[in-house]
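Okay everyone, let me put the model up. I'll walk through a few helices, then take comments.

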Amino acid sequence: MSDLQEEGKNAINSPMSPALADVHPEDTQLEENEERTMIDPTSKEDPKFKELVKVLLDWINDVLVEERIIVKQLEEDLYDGQVLQKLLEKLAGCKLNVAEVTQSEIGQKQKLQTVLEAVHDLLRPRGWALRWSVDSIHGKNLVAILHLLVSLAMHFRAPIRLPEHVTVQVVVVRKREGLLHSSHISEELTTTTEMMMGRFERDAFDTLFDHAPDKLSVVKKSLITFVNKHLNKLNLEVTELETQFADGVYLVLLMGLLEDYFVPLHNFYLTPESFDQKVHNVSFAFELMLDGGLKKPKARPEDVVNLDLKSTLRVLYNLFTKYKNVE
């Protein structure tokens, strides 16, 4: 941290610091005391940063597929409020009172203002810090746009897996007495999945993954033995917990075996192909668990489908604790 502060101090004290070498000429045309921020080019090449941008792009395009909107670049396609309006309307199931198409900067900012106020109304009860503004979004500030999208994905529990601990270096450029001064700050875009998706309190599986990975194989082996004892009755066998339960089929069949009933085939997809069909299957299995007197699983169906081992283990361990003595 002290190195970072020292670097910032040096940057401010040396008007033409090296950090400005990669700054686009347009970004240096500042008024006196005006400040602009941009992501350091090296951070943009970070694989986790690239993954975050791709996951969010794919999510937006999935949500807006019926609108025939294709977003290719976040800062260029979202800054005027048009796509953000459609995204929020689709996610929240509401209709915003804004002009459909606005070409002028004033009109675009007015639309953005309305959209962001609606976002703030949704997020305010959660007490989250709102790290964007009309000016930063309209100014194509990618960090602000990413903060906004991550918050929306968290609030609406998007069926996506955001990469954890994505941090970028941001160059802050300010014009003072006719000279450009720059400094670097570190900006955290994502934390852990548990924190971002509003998980419950930590449990034994968090401890197991964090502090006793050697015992993980023992737990997996016990659960594989348990599920195979029942699935073998249908001539089915599990060798990989994280992948073979991801489409929900084995979960549904396992519930039928444990509760001793036949699950009608029209209630689930026996050979699911799409992500939504797999989520349907896992959600249906969760309903069967509730019917069987189990508590609602901590995991989300989307996490199981996304091959999240911790979530799958939580679901199976729930079954194990209740049904371990069932023959």
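So, which elements do the buried residues of α3 pack against? They pack against β1 (35-39), α2 (41-44), α4 (74-78), α5 (82-92), α8 (142-155) and β2 (167-176). Quick caveats: this is a predicted model, where local features need pLDDT of at least 70, side-chain atom pairs count only at pLDDT 80 or more, and totals for chains, interfaces and linings use all residues. Residues are numbered from 1 along each chain as its sequence is written, and side-chain values use heavy atoms, with hydrogens and water left out.

Helices here are DSSP runs of H or I, at least four residues, and strands are runs of E, at least two, numbered from the N terminus. Buried means under 20% relative accessible area with a 1.4 Å probe, protein chains only. In α3, residues 47-63, the buried ones include Phe49, Leu52, Trp59 and Asn61. At the N-terminal end, Asp46 caps α3, with a side-chain oxygen 2.8 Å from the backbone nitrogen of Lys48.

Next, Asn228, which sits in helix α11 (residues 213-231). Is Asn228 buried or exposed? Buried, at a relative accessible area of 6%. Beyond its neighbours within four places in sequence, Asn228 is in contact (heavy atoms within 4.5 Å) with Leu236, Glu237 and Val238.

Last one: the axes of α13 (residues 249-259) and α16 (residues 309-323) come within 12 Å and cross at roughly 10 degrees. The contact is made by residues including Leu251, Leu254 and Glu259 of α13, and Val315, Leu319 and Lys322 of α16.

Definitions and conventions. Buried < 20%, exposed > 50% of the residue type's maximum accessible area, 1.4 Å probe, protein only. Polar contact = N/O pair within 3.5 Å; in protein donor to acceptor, adjacent residues only side chain to side chain. Axes fitted to C-alpha atoms, helices over the stretch in contact; angles between N-to-C directions.
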